[in-house]
Structure formats: structure tokens, C-alpha cells
Amino acid sequence: MIIFGTRGVTLTSEKGDFHCPQCASEQAYKYKKVRRFFTLYFIPIIPLDLLGEYVECQNCRGTFVPDVLDYDPNAEHDEFMAEYERAIRHSMVLMLLADGVIEEQEKITVLNIINQTGHHDMSMAQLEVYIQKVQQEKQPVSTYLKTVAPGLNNHGKEMIIKCAYSVSMADGHMADEEFRLIQDMAKSMDMTSAHLNGVIQEVQKEKVFSAN
Ligand SMILES: [Zn+2]
């Protein structure tokens with residue numbers, strides 16, 4: 001039997017130095033391109049379409065849209081957020097909306113995680129406006145993550161899973177449908193179940209994100 005398929009392959013296309021908005025200093029970067037390949041027996045053979053491209057900081061491992069290379073740290077506006085930070089924020093809110101009930105404790109957990117892990121703090125009022133915006137879009141978290149995954153490296157994907165896991169544990173236990181949602185999220189980002197299990201074991205050990 002001939003086994004064929006497609007998968008995304010990440011390749012470095014150039015290297016250099018840039019001003020990393022997250023490190024707030026000059027750092028080395030790698031410019032990555034994610035291209036879909038036709039695979040034969042799991043080996044990439046023929047390059048197909050470009051799925052995404054991003055700039056990866058070699059110090060903090062944050063990924064950014066390519067425009068970050070023109071980033072002027074002295075300009076007032078033009079704020080760059082790492083792609084995983086944006087995706088963490090969005091997927092945690094989708095996670096919170098998944099069961100149709102917005103609980104106070106969940107909101108507090110989401111806000112704490114945003115302000116503990118990110119570089120762009122939010123107030124509760126800002127989070128509430130953001131929740132409303134995401135609610136109106138009515139996009140499932142798996143659909144959302146499929147579109148942003150080509151801009152994320154493993155570090156970013158793992159952070160998203162860890163934060164989603166912490167939100168689902170906000171009420172002290174993991175419901176079956178919450179766990180299924182996390183599995184869906186991992187699958188949408190092309191993570192294997194072994195990779196997901198490793199990340200969950202890590203977050204259970206770390207207990208990085210407190211509920212209070
Ligand atoms: Zn950096």
C-alpha cells in the first residue's frame with residue numbers, strides 16, 4: 001500500500017538581528033516559512049502552498065508577523081504582540097465561552113493568566129469588551145487555531161495548551177467536554193497526542209498559573 005498525504009514543514013529562510021518587542025532589546029531572529037508538502041511514506045517530497053511565515057526571536061522564542069522587522073521601538077503606536085500571546089488570549093476566551101456560561105471565576109483566571117504570561121496587561125473592563133467581541137464572531141476554537149497555527153512555533157502552541165488547561169481547571173476539575181476541547185485544540189495545531197500528553201504533564205507539575 002502506498003501511503004501519501006500532506007503536512008506542514010517549517011524551514012528557516014533567513015537570519016539576522018532585530019528589535020524584539022517582547023525582549024525590548026536587540027536579538028537574533030530566524031525568519032521561518034511553513035510550507036505544505038506532499039508526503040510519500042511520511043517523507044516530504046513536493047513543496048506545495050505557503051501556509052504561513054513568521055519571525056522567531058532566538059532569545060524569548062516569541063513569534064511575530066514579518067512586519068516586526070520594520071518595528072520602530074521609538075514610535076508611540078505600532079505595538080507588536082507576539083502571535084502566541086494574541087492566540088492565548090483569543091483561545092482562552094473561546095474556551096471560557098464554550099459551555100455557554102461565563103463564570104466569574106473563569107474570567108478572573110483568564111485575566112490573571114493574561115497579566116502573568118503576557119507583555120500587554122488588561123483590566124477586567126477591557127477583558128469584558130474583548131469577550132463580547134469574540135462572542136459575536138461565533139468561531140469555534142479549533143477553526144480559529146487552524147488559521148493561526150502556521151504563525152506559531154512549538155513554544156507558542158505549548159503555551160496555548162497550558163493556558164487553556166489552566167482555564168478549564170479554574171473551577172477545580174476538568175470536565176470531559178473540556179478535555180475533548182483541549183484535544184481538539186492540539187489537533188488543530190498539528191500536535192500529536194504524545195506531544196499533548198507531555199505538555200499536560202508539564203503544566204500539572206509546574207502549577208504556573210494560579211487561579212487567584
Ligand atoms: Zn524576544
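Domain bounds in this description come from an automatic or database domain assignment. On that basis the chain is divided into domain 1 (4–70) and domain 2 (83–206), and the C-alpha centres of domain 1 and domain 2 lie 23 Å apart. The structure is a predicted model, in which local features need pLDDT of at least 70 and side-chain atom pairs count only at pLDDT 80 or more, while totals for chains, interfaces and linings use all residues. Residues are numbered from 1 along each chain as its sequence is written.

Helices (H or I, at least four residues) and strands (E, at least two) are DSSP runs, numbered from the N terminus. Two strands are taken to pair if DSSP finds at least two bridges between them. An open sheet of four strands has the order β1-β2-β3-β4, and its pairing is antiparallel. β1 (4–20) and β4 are the edge strands, each pairing on one side only. Strand β2 (residues 25–40) is joined to β3 by eleven bridges. These two strands form a hairpin with two residues between them, and Y41 in the turn has a positive phi of about 50 degrees.

Two residues are in contact if their C-beta atoms, placed from the backbone, lie within 7 Å. Twelve residues of domain 1 are in contact with ten residues of domain 2. On the side of domain 1 that touches domain 2, β3 and β4 are the elements that give two or more residues. The largest share of that side, four residues, comes from β3. Its residues divide into five nonpolar, five polar and two charged, where Ala, Val, Leu, Ile, Met, Phe, Trp, Tyr, Cys and Pro count as nonpolar, Asp, Glu, Lys and Arg as charged, and the others, Gly among them, as polar.

A residue is buried if 20 or more other C-beta atoms lie within 10 Å of its own, exposed if 12 or fewer, and partly exposed in between, with C-beta atoms placed from the backbone. A nonpolar core is a set of buried Ala, Val, Leu, Ile, Met, Phe, Trp, Tyr and Cys residues joined through C-beta atoms within 7 Å. The largest such core has 43 residues, of which M92, I160, I161, A164 and M185 touch the most other members. Elements that each supply at least two residues include β3 (43–57), α1 (83–97) and α5 (154–168). The most comes from α1, with eight residues. Domain 1 and domain 2 both give residues to this core, so it lies between them. Apart from neighbours within four places in sequence, I160 is in contact with Y84, A87, I88, S91 and M185. Of the 15 residues of α1, 13 are buried, so this helix is largely enclosed by the rest of the structure.

G151 lies in the loop between α4 and α5. With 23 C-beta neighbours inside 10 Å, G151 counts as buried. Neighbours within four places in sequence aside, G151 is in contact with G52, Y54, T63 and E83.
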